[in-house]
Every structure is written in C-alpha cells, then in structure tokens.
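Please report on how this chain is folded and packed. Cover the charge–ring contact, the strands, the aromatic pairs and the core.

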Amino acid sequence: MKHASVLLLLIALVSFTSSAQVKISPNNPSAQFNPDEGFITINELTAGVGLGVTNVPYSKSYFGFTTINGYQINKSFVAAAGTGVLAYNGGVLIPLFLDFRYRFNTEPFTPFLWADGGFLLNFKDVVNETKQFLNPGVGIKYTFSRNFAANLGAGFLLQSGAGARDSFINFKGGVTYKF
C-alpha cells in the first residue's frame, strides 16, 4: 500500500510537469522576430583589420558607424540601402551601399548571411579617391521583442580604387528595429 501511494504521487507529479507539445507563451515577446513584410532599420558599429600590405593609406584598419534602411520582403529576406562614416588609417570615407540579408528563421537566436556592396566616397578628392567595395559575411541575431533585435557578425571586405586593392576581416555589431 505504501509503495502504491508513492507511485501514484510520483505519476501525478510527472504528469503535471511534462507535456508532449511545445508551449508557446504569449507573455514571451522574444519568441520570434516580426515575420511580416515592412520597413526595417539596422544601425551598426563596424571595425576591420587589414590583410596583406597594410602600409599604404586606407589599408591597415578602420572603424565606424553605418545605418541601413530598407524593406523586409518576407520573413527571411531584407533589401536595403545604407550609409555611414568610416575612419581609416588614411582618412575618413563615407560608404554608400546596398545591403541584402537572408535570415534562416525568426527564432530568438537566428543565423543570417549578408552582402553589402557600393562605394566609399572621399570628399577630399571624389574623382580620384573614391573606391568600390564588396562585403559578404555571416552573423547571428538575438531577438529581444517582436520588433527589436541585436546582431553580431563577421565578414570579408574587399575594396578597390585609385590603383589599389585592399582586403579586411571586419566585424559588425548593432541593433535592428522593425516598424
């Protein structure tokens, strides 16, 4: 009798705490990022370390800030345009670029791919010192609420212009806001 009552108590405790279905809580806003189409903004701090020959201007390192505004086409794909300020070892360049991002899901931790490409404008000599760049990379996004997330990533930046080609390993960290 004593063993039967202990067994019944154990079964009751297990049945109250176990479930065969995933429980979705409406009180947990970080369950997924907003999958609907609409406008989105991404603000990031970025820095890069030069690879190869780094003793010429604009090749050793850089750091800066970019802001990207665009449209979330579906739950996975974002197309946007961006600008910012990048301080290099040789001076300041202003990026003007397109940004494409592909997210693999909308869960709290979401891996994504990005590809940026455009121009790095030097207003001291726009004609001779403007460069083109391409920057693919990979990152992870953490969702805080349905419309707000933080992202962190690393990529490979290749820039060319003025008779030189430079490459960097770069890192980005910032926030995403979905309207």
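## Strands, rings and core

Lys-141 lies over the face of Phe-33, at 4.3 Å from the ring centre. A charge counts as over a ring if NZ of Lys or CZ of Arg is within 6 Å of the ring centre and within 35 degrees of the ring normal.

This is a predicted model, where local features need pLDDT of at least 70, side-chain atom pairs count only at pLDDT 80 or more, and totals for chains, interfaces and linings use all residues. Residues are numbered from 1 along each chain as its sequence is written, and side-chain values use heavy atoms, with hydrogens and water left out.

**The barrel.** Eight strands close into a barrel, in the order E1-E2-E3-E4-E5-E6-E7-E8. The pairing is antiparallel. From one strand to the next, the twist averages 25 degrees. Axes here are lines fitted to C-alpha atoms, for helices over the stretch in contact, and angles run from 0 to 180 degrees between N-to-C directions. Strands (E, at least two residues) and helices (H or I, at least four) are DSSP runs, numbered from the N terminus. Two strands pair if DSSP finds at least two bridges between them.

| Strands | Bridges | Partner residues |
|---|---|---|
| E4 and E5 | ten | Arg-103 and Phe-112 |
| E1 and E8 | twelve | Thr-41 and Tyr-177 |

E5 spans residues 109-121.

**Ile-42.** This residue sits in strand E1, residues 38-51. Ile-42 counts as buried because its relative accessibility is 3%. Buried means under 20% relative accessible area, exposed means over 50%, and partly exposed lies in between (1.4 Å probe, protein chains only). Leaving aside neighbours within four places in sequence, Ile-42 is in contact with residues including Ile-68, Arg-101, Asn-151 and Val-175. Contact means heavy atoms within 4.5 Å. The C-alpha atoms of Ile-42 and Gly-70 are separated by 8.7 Å, and the two residues are 28 apart along the chain.

**Aromatic pairs.** The whole structure holds 13 aromatic pairs. Tyr-62 and Phe-168 have ring centres 5.3 Å apart and planes at 80 degrees, so they pair edge-to-face. Rings of Phe, Tyr and Trp (its six-membered ring) pair if their centres lie within 6.5 Å; planes under 30 degrees apart count as stacked, over 60 as edge-to-face and the rest as tilted. Tyr-62 lies in E2 (residues 61-72) and Phe-168 in E8 (residues 164-178), so the pair ties together parts 106 residues apart in sequence. Both Tyr-62 and Phe-168 are buried. Ring pairs also link Tyr-58, Tyr-62, Tyr-88 and Phe-168 into a cluster.

**The core.** Which residues touch the most other members of the largest nonpolar core? They are Tyr-62, Tyr-88 and Leu-120, in a core of 13 residues. E2, E3 and E4 are the elements that give two or more residues to this core. E3 supplies the largest share, three residues. A nonpolar core is a set of buried Ala, Val, Leu, Ile, Met, Phe, Trp, Tyr and Cys residues joined through side-chain atoms within 4.5 Å. Not counting residues up to four places away in sequence, Tyr-62 touches several others, among them Thr-46, Leu-86, Tyr-88, Leu-157 and Phe-168.
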